[in-house]
Amino acid sequence: GCAYTSARVRTLAAAGAPLFAQCYGRFEVRARAPLGRGLWSAVWLLPAADTYGAWPASGEIDLMEIVGDRPQEYLGSLHFGAPFPERSHVTHAHGLPPGGGVQEFHVYGLEWEPGEIRWLCDGDVWATQRDWFSGRSSRADRHAWPAPFDQPFHLLVNLAVGGGLPGPPDDSTKFP
């Protein structure tokens, strides 16, 4: 019943075999995002296997998330902890300079090492995270650190139309 829908490309085959998955390294994407209420652009990583349990116990790394009605910022997040709904997450927001918003090309990056994840924009580190866990909030029920970010993850690139973070599009959202 909708004229537009979401689209996603992922490096995990339908049978669950990774076409590309990697543990640690530098990931970069040069991209620009469309503007408009209800649009949600993202480049993110999910584990190739649910080694530590269902989402987000096995982790999620958001290299870049852009909410279409916030043209001067993008988000970098980690999701971890216990399976939903008892999840934990950390989100970092990065402001872009006037005239250089998300509708312009930027190189969004992520450097992932054992025990540290860094987000970059146009080559500059703007956020670092060294604290996370996998399992219940009780230390006795946790997997060994640095779980869950110690296993191969595959890549996803998507543009969502609607959803919990951006809300639905409205009359101000311009579609081609």
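## Aromatic rings, core and pocket

Tyr24, Phe27, Trp112, Trp132, Trp145, Phe149 and Phe153 form one aromatic cluster. Rings of Phe, Tyr and Trp (its six-membered ring) are paired here if their centres lie within 6.5 Å; planes under 30 degrees apart are called stacked, over 60 edge-to-face, and the rest tilted. Please keep in mind that this is a predicted model, where local features need pLDDT of at least 70, side-chain atom pairs count only at pLDDT 80 or more, and totals for chains, interfaces and linings use all residues. Residues are numbered from 1 along each chain as its sequence is written, and side-chain values use heavy atoms, leaving out hydrogens and water.

**Ring pairs**

The count comes to 10 aromatic pairs. Two of them are set out below.

| Pair | Centre to centre | Angle between planes | Geometry |
|---|---|---|---|
| Phe27 and Trp112 | 6.2 Å | 35° | tilted |
| Tyr74 and Tyr108 | 4.5 Å | 80° | edge-to-face |

Phe27 sits in strand S2 and Trp112 in strand S7, so this pair links parts of the chain 85 residues apart. Strands (E, at least two residues) are DSSP runs, numbered from the N terminus. Phe27 has 7% relative accessibility and Trp112 has a relative accessible area of 1%, so both count as buried (under 20% relative accessible area, with a 1.4 Å probe and protein chains only). Because Tyr74 lies in strand S5 and Tyr108 in strand S7, their pair ties together parts that are 34 residues apart in sequence. Tyr74 and Tyr108 are both buried as well.

**The core**

Which residues touch the most other members of the largest nonpolar core? They are Ile61, Tyr108, Ile117 and Phe149, in a core of 26 residues. Such a core is a set of buried Ala, Val, Leu, Ile, Met, Phe, Trp, Tyr and Cys residues joined through side-chain atoms within 4.5 Å. Its largest share, 4 residues, comes from S4. Leaving aside residues up to four places away in sequence, Tyr108 touches residues including Phe27, Leu63, Tyr74 and Leu120; a contact is heavy atoms within 4.5 Å.

**The pocket**

The lining of the largest pocket has 13 residues, and Trp40, Asp62, Glu65, His79 and Leu165 lie nearest the pocket's centre. On a 1 Å grid over the protein atoms alone, a pocket is an open set of points where a 1.4 Å probe fits, with protein on both sides within 12 Å along at least five of seven lines; lining residues have an atom within 4 Å of a point. S3, S4, S5 and strand S10 (153–161) each supply at least two of the lining residues.

Methods. Buried < 20%, exposed > 50% of the residue type's maximum accessible area, 1.4 Å probe, protein only.
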